[in-house]
Amino acid sequence: MAAMRGLSPSSSPAQPDLTNLFRLAAHEAKKSRVQGRILRVILFYCRSSERPQHQWPVNQKLFTLDVMYLHDKPGPDNCPQEVYDTLVEALEHVSEYEGYILESGHGLARVLFRHVLVLLSHPQQRCIQEYVDIPKSIAKKVPQVEPMATEDSAPITTQ
């Protein structure tokens with residue numbers, strides 16, 4: 001907690017820089033490994049008009065990064081697709097295990113909660129994000145009914 005409190009916002013209007021976050025996460029990940037644990041960082045990114053940047057070595061993947069990207073609709077001042085693409089590149093650049101990026105531009109709480117629940121899955125037990133289809137809506141589940149054998153439909157054997 002003390003390390004997180006040590007992070008401070010930049011007063012300059014420049015692009016957001018994730019380097020300090022990654023540096024802190026790498027430091028904490030090294031301590032976690034000694035204890036037999038892995039570290040996961042979940043970043044909530046809420047800027048639709050500013051692409052983040054970072055300075056991070058390609059070969060240093062010590063933690064898993066997940067991103068929950070909350071954005072406004074595209075407009076003259078917003079470029080959510082460009083920001084999303086930049087976040088995907090950052091995730092692929094720093095994640096040790098399969099990291100997920102989920103996005104929402106609707107502002108619906110239930111969508112946000114559903115996405116956060118997906119992010120809580122253990123990084124070593126994840127499938128590739130393209131195959132994630134959870135949680136499924138209850139309404140979409142169709143019960144599988146197996147035909148039951150009855151006296152009328154039971155096969156007759158003769159010798």
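Biologist: Which ground rules apply here?

Modeller: Residues are numbered from 1 along each chain as its sequence is written, and side-chain values use heavy atoms, leaving out hydrogens and water. As this is a predicted model, local features need pLDDT of at least 70 and side-chain atom pairs count only at pLDDT 80 or more, while totals for chains, interfaces and linings use all residues.

Biologist: What is the strand order in the open sheet of three strands?

Modeller: Strands here are DSSP E runs of at least two residues and helices are H or I runs of at least four, numbered from the N terminus. Two strands pair if DSSP finds at least two bridges between them. Strands E1 (40-45) and E3 (101-104) stand at the edges, each with a single partner strand, so one side of each lacks a neighbour in the sheet. With parallel pairing, the order is E1-E2-E3.

Biologist: How far apart are the end C-alpha atoms of helix H3?

Modeller: The expected span is 1.5 Å times one less than the number of residues. Helix H3 (residues 80-94) has 15 residues, so it should span 21 Å, and the distance between its end C-alpha atoms agrees: 21 Å.

Biologist: Is Arg51 buried, partly exposed or exposed, and at what relative accessible area?

Modeller: Arg51 sits in the loop between E1 and E2. Its contacts (heavy atoms within 4.5 Å), leaving aside neighbours within four places in sequence, include Tyr45, Glu82 and Thr86. Buried means under 20% relative accessible area, exposed over 50%, and partly exposed in between, with a 1.4 Å probe and protein chains only. Arg51 is therefore partly exposed, at 37%.
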